[in-house]
Structures are given as structure tokens and as C-alpha cells.
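Trainee: Hi! Could you walk me through this one? I'd like to start with the pockets.

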Amino acid sequence: MATCPPHPTYPPRPHWWQRTWVRYGALITLLALSGLVILALVREQTGTEGFLVGLGLAVLPVPLLIAAFRWLDRVEPGPWRNLLFAFAWGACAAALIAIVANSFATQWIATATADPTSADTLGATVIAPIVEESAKAAAVLLVFLFRRRDFTGIVDGVVVAGVTATGFAFTENILYLGTAFGTDQLTGDRGIASVTAATFFVRIVMSPFAHPLFTVLTGIGFGIAALSADRQRLRRVLLPLSGLLLAMGMHALWNGSSALGEYGFFAVYAAFMVPAFGLLTWLVIWTRQRELWTVRAELPAYAVAGWLGPAEPFALGSMRARRIARQYARHHAGKPAARAVAEYEAYATSLAFLRQRGRRGRAGADYVVRERELLDELWRRRDVARPALAQAARATAPPVPVRPMPWPGYGAHGYGYGHPAPTPYPAHNPYRY
């Protein structure tokens, strides 16, 4: 007796709050409202003229800091939307949380102790570091949780944390510089002797990296946690918390330097801030170089399988070769070709890191799916990228020493001492691997 086939089953539709456009809309609305509120608060404290002066001066270090963090992320550049979110969170949401919480806590302490001076000191050295670093760390946590594919190591943590802190410092500098300008308007000070000039020198010239330096410690904690396996849950929790506590401690030391005497600020700056900045810079650059070594070590397996050209692992493991490949593609085929080569380099780097995590047992359940996605992206761009990378490999290859010709009669095919001749490179087939 014939039976009817079963009705097809469909996956349940997600609830309205689980849809992507709803989440994006809620996040954009939250940041926009925070920006409007923080704009009103800063303008109220500085006045319109002070706000415009502070805005014009505070924006000066922002392009340099963003360019520096983007340069660090050149090996595996993350999407711009993550950086835009991080900067907007720091400039709007984190700044709003800090202003409201710091003001409330300082007023509460002043009322409870009846000592406004002590309340200001305690608020600057204890309350402000805890509130501000926690607010900035929230952006790193959100990217770590919801953009896990883009958050794969220490460099990603440093970049997200640094851009978040850059946005926070931008808003804070508007407030400080605008307030200083208002003070000069009341006192009539001008030029180098003005409060505005002194504030600009301390915050923009001497220490534009202060807030990024603090929050980068939190980013390093999240970056090391990203390198840990999913089963190491305790480590994935303790490392970000340790980085956050270090960021709070350094922030408290920086804020408390003004209470250490006339030269306390310069002593802390020279003894702690500059060495810490140099050490972290070295660590990030060393980590960036390690990423290039990972690319050279992991990609040859895909070259053997026919997915990559034989010289591509060498070229993709060199920033100079990558640049030459993009320039070659732009010169011969225009900007779209150069963009395709840049995308090819980024996907190949992500593939190398994915393979490394899989080899170490740290890959997620979607390892095979993600590997196939990356290989497909490479295969779509191979016709443009491979000639450019081959040219870059030839341009950057080390010189090969000249070897003497083997004596006749030794080995097969004239290669000497029993070594066989190299076999031709296999034809590219997307289903070989």
C-alpha cells in the first residue's frame, strides 16, 4: 500500500529580537542616543565656543592613533565595522557612563564625608579608573562574544581596545580642552601661558597614548583568552579580568601622579608610562611578526594540495611581498584587482590561523565549514591574485647560491646522488583537497 511522504520540516523562525537587523538597529540607536546626550552634557559644561575649540584640538591625534592601530592589524585586517563600533562605543557610550557615574560617585562621597577635596582625589584615583576601564572593556567583550571570527589573537584585542580608548579619549579631551578655554576666557590668559596651551601639551602632545595604553592591557587579556581552547573556561575568564585589573591599576597610578608633589606627574611619566608604552609596543610588533611566521608555516599544506601556488606561502608571509603584489595588480589591472589581491591575502591569513587552531585542538565546531568558506573565497580570486603573488615572490626571494654541476652518471635525470627529479606542480582542482 502506497504511503504519502512525510511533510518537510522547517526550522523554527527566530524571535523578532534574535534577528540581525533588530540587533543592529538597537545598537545603532543606543550609540546615537548616547552621542546626543554626551554632546549636550559636554556643550553645557564648556559652552558652544569652548566645545568647538575643544573639538578642533581633540581631533588632532585621532587619525594618527587609528592609523597606528590599523597598521598593527595589517597581517589579518579586521572589518571596519568593528573599528567603527569600538570608536563609537568609546566616544559615546563609555564616555556617557563615565561622566554620569564619576559625577554621582564623587558627589556621594563629598556628601558622606563633608570633604569635597578628598572626594575629588578619591574619585580621580579610585572611582574613575574602575568606571572608565570597565566601560571601555565592555566594547572589547562585545566584539569578543559576537564577532568571534574576527577576534583570533592578541593583535585583535589590542586593536579593538586601542580604538575604543581612542574614542573615549577624544570625548574626554573635548571636555578638558573646552573647559580650559572657558577658564582662559574668564582670566584673559592667552598664548603659551594659558590653561588651554598647558592642557593641550599634557593631553595631546605628551600623553595621547595614555587611555589606549591602559585599555590595551584589557585587550591583551582577551586576546590570550581567544587563543585558549573552549574547554579552558577558567583561563578564558581569568585572563580578561587580570588584564582589566592591570588597566585599572595603571590608570589609578596615572591619575594619582598629580598628588605626588610638583614633579610627581613627570616621575610617573618617565618611570612607568614611557617604559610600559615601549614594552607593549615591542610585544605587539613581535606578535605581529609571529603571525607572519604562522602564515609561512601553515599554508604550505594547501599549496601541496593545489589550493595555493608554490611560492604563495612565502609571499603571504612577508609584508613587503604583499605590498608588491598589490602594487603589481594595481599597475596591470587597476584598483579592483589590487582590492582582490588584498582580500586574497586576508583570507589566506585567516585560513592559516584557522589551521593552526585546528592543529592545536582549539578550533570550534564549525572548523570544516569555515575552512571551506575561506578556500572558496581564495579560489574565486585566484586568477587575479596568483600572478601578482608570484611576481612578488620573485621580487623578494633571497638569492640562491650557485651550486656546481653534478658529475655525469650519478643519480637519475642528472640531479645527482639518487635524488629524483621534481614532479610537475599538480593542476589546480577545487576538489583535490
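Trainee: Which helices each supply at least two residues of the lining of the second largest pocket?

Mentor: Those are α12 (319–333), α13 (335–359) and α14 (367–380). Keep in mind that this is a predicted model.

Trainee: Okay! Which of them gives the largest share of that lining?

Mentor: That's α13, with 10 residues of the second largest pocket's lining.

Trainee: And how many residues line the second largest pocket, and which lie nearest its centre?

Mentor: The lining has 34 residues, and nearest the centre you'll find Glu76, Arg149, Asp150, Ser350 and Arg370. The volume of this second largest pocket is about 830 Å³.

Trainee: Now the largest pocket. What is its volume?

Mentor: About 1,300 Å³. There are 45 residues lining the largest pocket, and those closest to its centre are Glu132, Glu172, Tyr176, Arg203 and Asn255.

Trainee: How does the lining of the largest pocket divide by class?

Mentor: Four of its residues are charged, 19 are polar and 22 are nonpolar.

Trainee: Let's zoom in on asparagine 173. Where does it lie?

Mentor: Asparagine 173 sits in α5, which covers residues 154–187.

Trainee: Is asparagine 173 buried or exposed?

Mentor: Asparagine 173 is buried, because its relative accessible area is 6%, and the cut-off for buried is under 20%.

Trainee: Which residues is it in contact with, leaving aside neighbours within four places in sequence?

Mentor: Asparagine 173 contacts Ala58, Gly178, Arg203 and Ile204. With arginine 203, there is a polar contact of 2.7 Å between the two side chains.

Trainee: Nice link! Last topic: what pLDDT does the protein average?

Mentor: The average is 84, and 87% of the residues score at least 70. Over residues 407–433, though, the pLDDT is below 50.

Trainee: How many contacts does that stretch have in the model?

Mentor: Residues 407–433 have 35 contacts beyond near neighbours in sequence.

Trainee: Thanks, that helps a lot!

Definitions and conventions. Residues numbered from 1 in each chain as written. Predicted model: local features only at pLDDT ≥ 70, side-chain atom pairs only at ≥ 80, totals over all residues. Heavy atoms only, no water. Helix = DSSP H or I, 4+ residues; strand = E, 2+ residues; numbered from the N terminus. Buried < 20%, exposed > 50% of the residue type's maximum accessible area, 1.4 Å probe, protein only. Polar contact = N/O pair within 3.5 Å; in protein donor to acceptor, adjacent residues only side chain to side chain. Contact = heavy atoms within 4.5 Å. pLDDT = per-residue confidence, 0-100. 1 Å grid on protein atoms, 1.4 Å probe; cavity = no way out; pocket = protein on both sides within 12 Å on 5 of 7 lines; lining within 4 Å. Points joined across faces, edges and corners; volume = space filled by probe spheres on them. Nonpolar A, V, L, I, M, F, W, Y, C, P; charged D, E, K, R; others polar.
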